[in-house]
Amino acid sequence: MTPSEQPSLDLAIVGNCSVAALVDKMARVVWMCLPRFDGDPVFHALLGTNGAAGDGAFSIDLENVCRSEQAYIENTAVVVTRLYDEAGNAVEITDFAPRFQTKGRMFRPTGLVRRVRPIAGHPRIRVRCRPRFDHGTRVPEVTYGSNHMRFVGNGQTVRLTTNASITYVRDETPFLLDGPVSFYFGPDESLTHHPETLCREFEEETVLHWRLWTRRLGLPLDYQEAVIRAAVTLKLCTYEETGAIIAAATTSIPEAAHSGRNWDYRYCWLRDAFFVVRALNSLSEMETMENYLRYINNIASMTRADHVQPLYGIALEEKLVETTVDLPGYRGMGPVRIGNQAYEHFQHDVYGNIVLGASQAFFDKRLLRQPGVDDFERLELIGERAFAMHDQPDAGLWELRTRARVHTSSSLMCWAACDRLAKIARQFARTERAALWQERADAIHATILARGWNEKVGAFVESFEGQDLDASLLLIAEVGFLPPQDPRFVATVERIGATLRRGKHLFRYHAADDFGAPENAFNICTFWYIDALARIGRKDEAREIYETMLACRNHVGLLSEDTNPATGEMWGNFPQTYSMVGIINGAMRLSEGWESLV
């Protein structure tokens with residue numbers, strides 16, 4: 001494997017809220033699942049291949065390439081890669097998934113557009129489109145037409161339509177690129193117009209859509225480019241049809257080298273989704289919350305005051321049975337897992353995350369559909385469960401697989417559920433219900449103060465009557481449990497910094513878990529630490545750490561789940577919504593106000 005073929009997370013994501021693809025710096029599509037985020041990875045080269053080099057990827061190779069440039073078109077989800085060869089010839093490849101309004105609805109097909117044009121000299125390119133089915137194990141049957149190739153197998157058929165020579169594409173023959181060519185990879189349907197004309201129109205409409213979308217964001221004064229890229233990325237991780245929000249676009253990128261901490265994140269964790277909704281709400285992007293409310297209303301109606309899983313499939317699937325598939329893994333570091341055993345866990349913070357994810361809707365008059373009393377009553381069923389579970393053992397938000405404790409952060413979120421329900425009840429002038437929920441919130445509050453605070457440690461601790469520290473306790477002020485200047489919160493922030501901080505990065509915890517001691521810092525924890533520092537008055541220090549985190553992003557402004565504090569290298573699934581949320585929250589917390597300039 002050459003250095004240019006070594007997998008890394010120097011990737012750009014393109015998508016349209018139906019599907020997503022990852023494109024590397026050499027313009028290779030190395031990850032794309034069909035027919036949706038959690039589907040079969042027809043392009044899976046990011047996780048290796050058991051076949052020939054180039055299998056499981058869609059490559060547009062420039063002969064004798066020596067360097068590349070890659071960037072998004074400003075304020076869009078359209079990425080442009082430029083490849084240069086040793087003789088000065090160059091090509092430009094534009095990648096995107098179509099997304100725009102037409103005929104009164106959002107057009108977001110399960111397809112990818114690749115537009116290629118020469119920009120210098122007389123470049124020779126070779127196109128290799130090698131989708132594989134059934135997690136790389138099945139080579140599709142290929143049929144041809146005058147302008148298309150069909151890839152058939154494993155219950156699905158995809159089509160590549162182009163104005164390039166089908167013979168050259170089929171035989172992977174290098175050819176001179178003497179004019180623009182376009183490729184549309186997607187459903188097995190005939191295009192209605194010439195591929196070049198249609199793909200050019202798709203690009204124009206998609207660029208306009210994203211520019212209008214970003215124009216509506218309520219941005220902070222500082223760090224705007226970082227915030228816009230984070231917001232667009234979060235939007236790309238929403239499955240618009242159902243309102244679900246995936247945690248990341250990939251599976252099995254290890255949290256650290258050879259760690260075995262390889263998980264499938266292509267599902268909707270209700271915890272992560274709440275943080276996504278909250279971050280986009282802070283930018284006045286309300287559509288995601290409206291769509292997500294549809295999703296969690298379905299969850300609430302399914303569970304009816306019983307156990308709620310921490311995650312579900314993007315179409316409300318409950319059983320996400322975890323298995324492994326025969327792929328080498330990222331940099332050969334398997335296993336590659338499909339499904340996630342955490343669906344079987346008891347994680348009691350989920351109840352608070354559901355209520356918190358919905359609470360703003362009850363007070364925000366901008367929504368097209370205002371939640372009513374029936375929505376409140378449905379949430380009350382979730383609250384009943386929160387109150388019943390607030391002092392019961394669970395796996396915690398870090399999803400420990402081999403032990404259960406009464407985690408302070410889980411109890412904290414159960415408190416938040418009851419607290420917000422009291423506020424919503426007051427909004428509907430339901431005095432008795434408000435009093436009940438407030439009484440329950442107060443009871444949980446007292447329990448956490450009595451059992452979650454360790455006087456000997458001088459901080460809140462990760463479990464009742466425990467002694468270890470946990471970065472999730474930094475959320476105490478964010479959810480309003482204590483004011484930021486409360487001495488107990490300040491002490492907790494200081495103890496966490498002293499214990500879990502490595503340089504300018506924060507670990508989740510320091511105690512060994514099911515896989516040993518953590519090796520890399522968890523990005524969202526660093527962002528929680530930044531927020532907590534700013535809240536307690538250490539804003540300059542918070543800003544310094546925040547800008548260090550911005551420097552850890554890849555070349556197009558994206559973050560994965562984890563960072564090696566010694567090298568700055570990214571690890572974990574990608575792009576991680578938690579991490580992109582942190583970019584937005586940090587900017588909103590640290591930016592100067594617009595009034596300082598205008």
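Predicted model: local features only at pLDDT ≥ 70, side-chain atom pairs only at ≥ 80, totals over all residues.
Local features need pLDDT of at least 70 and side-chain atom pairs count only at pLDDT 80 or more, while totals for chains, interfaces and linings use all residues. Residues are numbered from 1 along each chain as its sequence is written, and side-chain values use heavy atoms, with hydrogens and water left out.

Helices (H or I, at least four residues) and strands (E, at least two) are DSSP runs, numbered from the N terminus. Eight strands form an open sheet. Their order is S6-S7-S8-S11-S17-S15-S14-S13, and the pairing is antiparallel. Two strands pair if DSSP finds at least two bridges between them. The edges are strand S6 (65-72) and strand S13 (141-144). Each has a single partner strand, so one side of each is left without a neighbour in the sheet. On average, neighbouring strands of this sheet are turned by 15° against each other, direction ignored.

Within the sheet, strand S8 (residues 90-96) and strand S11 (residues 112-120) run antiparallel and are joined by seven bridges. Asp95 has Arg114 in S11 as its bridge partner. Helix H2 (residues 195-215) packs on the sheet. H2 touches S8, S11, strand S15 (156-162) and strand S17 (181-187), and its direction makes about 80° with that of S17.

Strand S5 (residues 58-62) pairs with strand S12 (residues 124-129) in the antiparallel sense, over five bridges. Leu62 stands opposite Ile125 in S12. Five of the five residues of S5 are buried (under 20% relative accessible area, with exposed over 50% and partly exposed in between; 1.4 Å probe, protein chains only). Phe58, Ile60 and Leu62 lie on one side, and Ser59 and Asp61 on the other. In a regular strand the side chains alternate between the two faces of the sheet.

Helix H4 (residues 270-282) and helix H5 (residues 287-303) have axes that come within 10 Å and cross at roughly 155°. Axes are lines fitted to C-alpha atoms, for helices over the stretch in contact, and angles run from 0 to 180 degrees between N-to-C directions. H4 and H5 are therefore roughly antiparallel to each other (an angle over 145 degrees). Contact (heavy atoms within 4.5 Å) is made by Leu270, Ala273, Phe274, Val277, Leu280 and Asn281 of H4. From H5 come Thr288, Met289, Tyr292, Tyr295 and Ile299.

Thr526 is placed in helix H12 (residues 523-535). At 1% relative accessibility, Thr526 counts as buried. Leaving aside neighbours within four places in sequence, Thr526 is in contact with Lys504, His505, Leu506, Ile545 and Met549.

Key:
Parallel < 35°, antiparallel > 145°, perpendicular 65-115°, else oblique.
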